[in-house]
Amino acid sequence: MARSHFTLAALATSAVPDLDVSGARSYTRSGAGEFDSALLSTRDGSTVIVRVPTNQIAETEQSADLVALRALTTGIRSRLPFEVPRYLGQAPVAGTRAVVYDFLPGEHIAVEDVPPGDGLAGSIGHAIAAIHALPTAFVGEAGLPVMSSAECLTAANSVIESAASTGLLPVALRDRWRDAAADHSIWQFQPTVINGSLTSDSFLVEDDVVTAVLGWSALRVGDPARDLHWLLAMNPEATDGALGAYASTRQVATDRQFSQRAMLYAELEVARWLLHGREVRDQTIVDDAVEMLDGLVDRVRSNSMNPLSTATGPIMAVGDVEAMLDRTPGDRTDAGGYGRSGGMKPVADDQSDVSSSSA
């Protein structure tokens with residue numbers, strides 16, 4: 001049973017002793033999520049959000065998000081052209097914890113609604129570039145994953161082989177993914193700081209400008225294509241605007257094989273969904289993933305564009321993959337994305353355990 005906004009307000013005042021609440025209301029942005037959440041108005045005119053995870057997956061994500069937010073110090077945040085939620089306090093409740101953050105205003109926008117041109121698309125590109133331009137040292141100092149390009153390749157291989165070991169991965173996909181992983185020319189890139197779980201839902205927007213980025217639980221040093229691949233699902237002109245702004249802000253060109261790697265990551269999301277279903281022993285998810293894999297094979301065979309590597313055939317467009325992922329029953333739409341990974345339950349790129357850490 002969901003906790004009431006009155007209960008959540010009481011927890012928030014316990015978490016932040018000087019919090020003077022003048023009003024409270026339940027907050028869910030789109031249906032039932034994995035957090036009980038409420039927006040609280042304070043007598044000084046500010047707004048905060050309190051969130052309590054409702055299951056272990058959400059609690060693990062929240063713990064990782066707190067570690068990341070603590071790593072994003074005032075100095076690091078000053079390098080970013082947007083806001084990041086601030087952790088204000090926490091209180092224990094029923095074996096988990098209520099966490100209070102400042103609430104950041106802004107609107108979410110669907111990826112298909114990003115208009116062409118340099119407006120919002122350009123602002124998104126600048127925002128991602130700012131993340132990737134952050135100094136990498138603070139990530140390791142916070143105990144967060146720091147992955148080399150070789151380790152990113154190993155992580156992709158792990159997903160491929162884990163999916164293959166289920167016996168449910170079509171041979172055609174297994175072979176094409178293995179061929180792509182074996183094509184070392186597409187894995188020559190410089191790792192950067194990445195958010196690690198960006199989707200269009202990660203961004204808050206006002207007047208075609210990104211004002212905030214939510215959900216930092218996968219913060220790490222890794223492959224920048226992980227933050228960029230979803231841009232290919234936008235209107236082509238919007239994609240051009242975002243990638244052009246990204247390149248100009250970083251003053252470097254995206255690596256030549258970025259699109260192949262980004263497309264591979266998009267396809268592997270279906271494998272990750274399969275592995276998640278197996279992990280949580282949910283046959284509904286497994287059956288859905290198998291259906292998606294079959295559809296992916298059909299789409300790949302019918303699409304003659306965008307080779308994945310010199311050794312494979314064509315791949316499906318990222319937009320097609322994203323459309324498939326959008327319909328999954330595991331789409332996690334919680335209260336505003338404070339700590340939200342977005343989309344399906346992700347399979348970790350490494351075995352680092354940050355769930356036991358606290359802010």
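Arg 281 lies in the loop between α10 and α11 (283–302). Phi of Arg 281 is positive, about 55°, although the residue is not a glycine. Most residues other than glycine have a negative phi. Arg 281 has a relative accessibility of 78% and so counts as exposed, the cut-off being over 50%. The model described here is predicted.

Asp 208 also has a positive phi, near 60°, and is a residue other than glycine. Its place is the loop between β7 (203–206) and β8 (209–213). Is Asp 208 buried, partly exposed or exposed? With a relative accessibility of 41%, Asp 208 counts as partly exposed, because the class lies between the limits of 20% and 50%.

## The chain as a whole

Twelve helices and nine strands make up the secondary structure elements of the protein chain. The chain has 359 residues, of which 54% count as buried. Taking the contacts between residues at least 6 apart in sequence, 71% join residues at least 24 apart.

## The five-stranded sheet

Five strands form an open sheet in the order β1-β2-β3-β5-β4, with antiparallel pairing. Its edge strands are β1 (21–26) and β4, each of which pairs on one side only. On average, neighbouring strands of this sheet are turned by 25° against each other, direction ignored.

Two helices lie across strands of this sheet. Helix α1 (residues 5–15) lies across β1, β2 (35–42), β3, β4 and β5, and runs at about 115° to β4. Helix α2 (residues 56–71) lies across β2, β3, β4 and β5, and its angle to β5 is about 45°.

## Strand β5 and its partners

How many of the residues of strand β5 (residues 96–102) are buried? The count is seven of the seven, so β5 is largely enclosed by the rest of the structure. Strand β3 (residues 47–53) is joined to β5 by four bridges, and the two run antiparallel. Within this pairing, Arg 51 stands opposite Val 99 in β5, and Ile 49 stands opposite Tyr 101 in β5.

Strand β4 (residues 87–93) is joined to β5 by six bridges, again in an antiparallel arrangement. Here Gln 90 stands opposite Val 99. β4 and β5 form a hairpin with two residues between them. In that turn, Ala 94 has a positive phi of about 50°.

## Helix α6 against α10

The axes of helix α6 (residues 149–165) and helix α10 (residues 258–280) come within 9 Å and cross at roughly 50°. This angle makes α6 oblique to α10. The crossing in which α6 passes α10 is left-handed. On the α6 side, the contact is made by Cys 152, Ala 156, Val 159, Ile 160, Ser 162 and Ala 163. On the α10 side, Tyr 265, Leu 268, Ala 271, Arg 272, Leu 274 and Leu 275 take part. By class, the contact of α6 with α10 has ten nonpolar residues, one polar and one charged.

## Helix α6 against α7

α6 also packs with helix α7 (residues 171–182), at an angle of about 165° and with the axes 10 Å apart. The two helices are therefore roughly antiparallel to each other, a class that applies to angles over 145 degrees. α6 passes α7 in a left-handed crossing.

Which residues meet where α6 contacts α7? Leu 153, Asn 157, Ile 160, Glu 161 and Ala 164 in α6 meet Arg 174, Trp 177, Arg 178 and Ala 181 in α7. By class, this contact has five nonpolar, one polar and three charged residues. Ile 160 is named in the contact with α10 and in the contact with α7.

## Ala 262 in α10

Ala 262 is found in helix α10. Its relative accessible area is 0%, so Ala 262 is buried. Leaving out residues up to four places away in sequence, Ala 262 touches Ala 225, His 229 and Leu 232. Ala 262 and Asp 227 are 35 residues apart in sequence, and their C-alpha atoms are 8.9 Å apart in space.

Methods: Residues numbered from 1 in each chain as written. Predicted model: local features only at pLDDT ≥ 70, side-chain atom pairs only at ≥ 80, totals over all residues. Heavy atoms only, no water. Axes fitted to C-alpha atoms, helices over the stretch in contact; angles between N-to-C directions. Parallel < 35°, antiparallel > 145°, perpendicular 65-115°, else oblique. Left-handed = near helix turned anticlockwise from the far one by under 90°. Contact = heavy atoms within 4.5 Å. Nonpolar A, V, L, I, M, F, W, Y, C, P; charged D, E, K, R; others polar. Buried < 20%, exposed > 50% of the residue type's maximum accessible area, 1.4 Å probe, protein only. Pairing = 2+ DSSP bridges.
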